[in-house]
Amino acid sequence: MDLLTYQFYGDYEEQAPWLDRWSRFTGKPLFNADSAYAVPHENMTNPYGPHCASQKERAGRFRNFVYQAFVRADFVGWCWCGWMDSWHSFQPERQHSGIQDAFGKYYVPLFE
């Protein structure tokens with residue numbers, strides 16, 4: 001295999017010990033294929049990922065992860081889980097939190 005693909009919903013500080021271990025064990029580049037930060041609201045009460053109180057907090061957590069992970073020589077990529085929100089009317093149990101609402105309007109701020 002060319003790289004190690006993993007899924008981890010969490011801040012960099014939570015992921016770092018695992019990334020260090022996997023990097024030492026495999027010697028391969030690391031790619032987080034599924035992760036997100038979410039802001040619950042009335043139409044999306046139980047989204048996947050760590051919950052944030054606001055879009056500003058979510059943007060900050062996203063930024064902090066990116067700035068810490070991509071300085072690693074062994075970290076090559078990160079996929080956000082879901083481009084658009086999938087509200088509980090569509091996914092009743094757990095929803096995906098995107099960078100757009102269910103109508104395609106981008107959340108602001110995307111970055112602080």
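## Helix 2

In this predicted model, helix 2 covers residues 55–69, and its end C-alpha atoms lie 21 Å apart.

The buried residues of helix 2 are Gln55, Arg58, Ala59, Gly60, Arg61, Phe62, Phe65 and Ala69. Their cover includes strand 1 (4–7), helix 1 (12–26) and strand 3 (75–80).

## Nonpolar core

The largest nonpolar core has 15 residues, of which Tyr6, Phe65 and Phe75 touch the most other members. Strand 1, helix 1, helix 2 and strand 3 each give two or more residues to this core.

Leaving aside residues up to four places away in sequence, Tyr6 touches Gln15, Leu19, Trp22, Leu30, Phe31, Asn32, Ala33, Asp34, Phe65 and Phe75.

## Cysteines

A search of the whole structure returns zero disulfides. Cys52 has a relative accessible area of 5%, which is under the 20% limit, and therefore counts as buried. Cys79, at 32% relative accessibility, is classed as partly exposed, because that class lies between 20% and 50%.

## Overall fold

The protein has two helices and three strands, arranged β-α-β-α-β from the N terminus on. Its C-alpha trace spans about 45 × 30 × 20 Å along the principal axes.

Of the 112 residues, 42% count as buried. Among contacts with a separation of 6 or more, 59% are between residues 24 or more positions apart.

Terms used:
Residues are numbered from 1 along each chain as its sequence is written. This is a predicted model: local features need pLDDT of at least 70, side-chain atom pairs count only at pLDDT 80 or more; totals for chains, interfaces and linings use all residues. Side-chain values use heavy atoms; hydrogens and water are left out. Helices (H or I, at least four residues) and strands (E, at least two) are DSSP runs, numbered from the N terminus. The expected span of a helix is 1.5 Å times one less than its number of residues. Buried means under 20% relative accessible area, exposed over 50%, partly exposed in between (1.4 Å probe, protein chains only). Contact means heavy atoms within 4.5 Å. A nonpolar core is a set of buried Ala, Val, Leu, Ile, Met, Phe, Trp, Tyr and Cys residues joined through side-chain atoms within 4.5 Å. A disulfide is a pair of cysteine sulfur atoms within 2.5 Å.
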